[in-house]
Amino acid sequence: MSPAQLTKDTRYMLPMYVPLLATALLAVAGYYFAAKRAAASAGGDIRKLAALPSQYGLFTALSVIIPTLAALIIGLSFGGLGGALPQVLLGVAGLGFLVSIYKISPDFRARTHAETWIKVILIAASVIAILTTVGIVFSMLFETRNFFSQYNWRDFFFSTEWSPNFRGNSALGIIPLLWGTLYISLIALTFAVPVGLFAAIYLSEYASRRTRSFAKPAIEILAGIPTIVYGLFALITVGPFLRDYFAQPMGFGDSASSVMTAGLVMGIMLIPFVSSLSDDIINAVPQAMRDGSLGLGATKSETIRQVVIPAALPGIVGAILLAASRAIGETMIVVLGAGAAARMSLNPFEAMTTVTVKIVSQLTGDTDFASPETLVAFALGLTLFVITLGLNVFALYIVRKYREQYE
Amino acid sequence: MTHKSLLVADARTKKRNAAERRFKAYGLTAIVVAILALIMLLVSVFGTGASSFRQTYATVTVPLPEDKLDKSGVRDIDVMKKVTTIGYTKLLNEGFENVVIASGIPTELSRKDIGGMLSKEAAATIRDHILANSELVGTEATLDLLMNGRIDGYFKGRVTMESAALDSNTSPEELALAQALKDAGIVHTKFNWAFLTNPDASDQRPEAAGLGVAILGSLYMMIVVLVTSLPIAVAASIYLEEFAPKNRWTDLIEVNISNLAAVPSIVYGILGLAIFINFLELNQSSPLVGGLVLSLMTLPRIIIPARAALKSVPPSIRDAALGVGASKMQSVFHHVLPLAAPGILTGVIIGLGQALGETAPLLLIGMVAFVREYPAAYTPDAGLFGEASTALPVQVYNWTQRADPGFVERASGAIITLLIFLLVMNAVAIFLRRKFERRW
Amino acid sequence: MKDTNMQNPKISAKNVQVYYGDNHAIKDVNVEIADKTVTAFIGPSGCGKSTFLRCLNRMNDTIDICRVTGEIKIDNEDIYDAKVDPVQLRAKVGMVFQKPNPFPKSIYDNVAYGPKIHGLARNKAELDEIVEKALRKAALWNEAKDRLNSPGTGLSGGQQQRLCIARAIATAPEVLLMDEPCSALDPIATAQVEELIDELRQSYSVVIVTHSMQQAARVSQKTAFFHLGNLVEYDDTTKIFTNPDDPRTESYISGRIG
């Protein structure tokens, strides 16, 4: 443990677990005490109470826990209140206990009030989703501003050179990274979209029940495999295979890590993603539509190509956009399969690199949060977030509109 | 109107039916491609990784002279600890040479080369063994010791006589001797429990590297993820599904959650680095931070199935509860939630599975460090889950970055372990779904 | 049952049985349907009238668990013969469904879909002509001629159903099957469609399934009463509604069962 952390810890008079433990105990004690007191206030006849004794107990327990938790979160986000946080927490818990006990009377609607507390918890839990997004944006925005105060934003967005140098004078242009990202994503989608779409069509329109019961789970297994596994597959199998049988004989270079390696493997990863989304979307097309076409004497494939797919098109486009967002944000496959050289080339058998690879390489190992070489990772992260956010929101909007149409 | 017979297919129909068959063939091809990809992936991983569950050992009798190992003569541990692994290596080399001589196998290798066939880890193994059993000093000890990665690789087919001739770390003579020792029963290959329990090992010792720390770290993180994300996800889905008014505000939360489920995982790593490590100053590389990051990432992925589970409980159940005078809150907690529990649980297990396999965000919060100490769940200094650790998928990444080819086998072996964990979790999820599935 | 053999039936069914898995949905139905006539199938819900209708153009083939035995001949050709391609059959036997189901395409493309896939037009002018003729026959031309390129889903319910009828007749079928074509329509739209059906009788053999006895009486010349998978009675519509032979038919038309 570093000396800095030691001094930080001794600055607190009380270790943090003391107030937390005390709050928990006070809540439990408060539960039984309040229940007893409520029963006593009605002279032992609980029918005279406005709520069950246990509901009085619940109210007191929640009155202790919730304000304390709120104080904890607020306190932590203000840097521990200069070490006074444990005392503050104890105070809040005690106050919650006293006020709730004071309120006990036969007329007090404890259940309604307890339920209000519970609702506060529920709302707080849903707000975490918003807070996460806010956290993501601000954590990156803050450091990105630091980055742009040291490095010209025009050079970042428009320069075609990426060569970080820890002695300063780095060229940190995002264009070559975006090029690699988009090139790999394009290869991945070119492979995954037709395969995934045709697989979904075959499974939902043609496959016998036996084929489906075997093929569908097999494809779902692909979806459950962590991306690090795909990364290793790219590194030890696909990369060397492409190099030995395609790149070298055809004179395209001799690198095992390449855009093609990462793109193909990422394509495999995206197959189940595309197929399960398309499957949902194709199944949402009403059977009446198919019947209408078949009833006119169309073949199955004519029905699919000319009625089902056009009807499902918005949904399918949404699914492809979601897949693209996935491809752009994918990290482990490109870290292990694409290479580290920032290069803008058309040769798919050359190693190139992506935004995510560079985020990893700039933020692992020895990092100095004052240097632009480290801070650039936050600018890259923010760019990545904005691109995927745009794709996701647009895609979700299309898919949602599409679903409503057939509900 | 001309009457065409239905019994004769006209030219156009034939053409259309051919198109139909082609279309169907494309579909079938797509399925075959997908399944072939799966098979190749699994064959590749299992083909390279399965051998990491077996390991080559040599049974060696090591002399333990008191004058070398215990200068105090009274088995004072602190004095005995002064003897480093270098001291033990000499005894080891001597012991192994004796074993070779006793076996009667002729060899021209020097004592140092013979000793070099054992793993560099072997000296540490025997040192730990002696420090734990100091009464053995003055006698001799017979132990199963790790052979080095090249010898091990030879028995697994990774190293050949040809490759050994070009390799400065081994030689064809060593491999020949190892083969002879194996035939004599001195060298043997057995199930490698140490792979699952040992900590990581340094660059030159792939044969000693294990997943102990990584499994422990992953376990701690899963506990953190479960404890934080389950209650929050359930509470959030109850609010959104049962209480939230349908307005812009809840619409925003909804879009937000869908988006968060699709945000690249590495972005969560940046978030964790900025908030948990730089701002809240929690310990780098700790399962606590890793767990919190994965938890934020998993939350939306649990909320979505949890809401679906709540939605699938028919409104009649709520009406029935409200009809006997229960409050809205009581109807939810007494009736709706228990009925939706299996669906929620299935979603949680699948979410945990995704979190277990996630790598990228953990790289950014420093879990990629080389950790040999088993992390404690709690220490007063580091707090709860605060000790540096690593995790299963990160260990895989870590091993792929090592130079020694022995680590490729280890990385694949780690993936097999990871996939088995995932398989078990998904099997549990499927079992739950089958067992409690309800048709309304 | 009275002998209903006719001189030159368009469709003749013999000993037709239909099974859905283990469920015996149609039990030994024999019937002959005349050309240029409207034939109504009536009966309570679940009696098998729709199932039997879907046998006539092999739409039941699209349901995995459905099995049909017996013999159905159209123009003396067994439509369940292995050599018969259901695609060609369905071009000859068109179908209109219970709920209007226009494709999410323009009005023009909806009607042109059938002629296109069957290659009925050699050029755009011919296709235009077929579309216009079909829309005119379906009494939709006047309402639709100025918006041929707007989506078919934008029409009102009754217009959508007439569009579906236009779509079906554009393929130049000889038989038109209608599965409760008015059940999703309001009374005014129903009246328009019924009028249309009467017109269609000039050119086609129309078979209509309906659960409205009034509708059967209004539009059909022949009526078949189905009950629990059996064809109970088949005769002239006037006979069925005034003087049925079978007591079950009597009960149904007087409202005691169904």
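Tutor: A cavity here is a set of points, on a 1 Å grid over the protein atoms alone, where a 1.4 Å probe fits but cannot get out, and its lining residues have an atom within 4 Å of a point. This is a predicted model, in which local features need pLDDT of at least 70 and side-chain atom pairs count only at pLDDT 80 or more, while totals for chains, interfaces and linings use all residues. Residues are numbered from 1 along each chain as its sequence is written, chains are lettered from A in the order in which they are written, and side-chain values use heavy atoms, with hydrogens and water left out.

Student: Which elements give two or more residues to the lining of the largest cavity?

Tutor: The lining draws on both chains, including A:Ala125 and A:Thr132 as well as B:Ile257, B:Leu260 and B:Leu296. With helices taken as DSSP runs (H or I, at least four residues) numbered from the N terminus, the elements asked for are H5 (110–150) of chain A with H12 (248–262) and H14 (287–311) of chain B.

Student: What is the volume of the largest cavity?

Tutor: Grid points are joined across faces, edges and corners, and a volume is the space filled by probe spheres set on the points. Two cavities of 30 Å³ or more are counted, and the largest has a volume of about 70 Å³.

Student: Which helix gives the largest share of the lining of the second largest cavity?

Tutor: This cavity, of about 30 Å³, is lined by chain A residues, among them A:Thr181, A:Met266 and A:Glu330. Helices H7 (175–206) and H12 (300–329) of chain A each give two or more residues, and the largest share, three residues, comes from H7(A).

Methods
1 Å grid on protein atoms, 1.4 Å probe; cavity = no way out; pocket = protein on both sides within 12 Å on 5 of 7 lines; lining within 4 Å.
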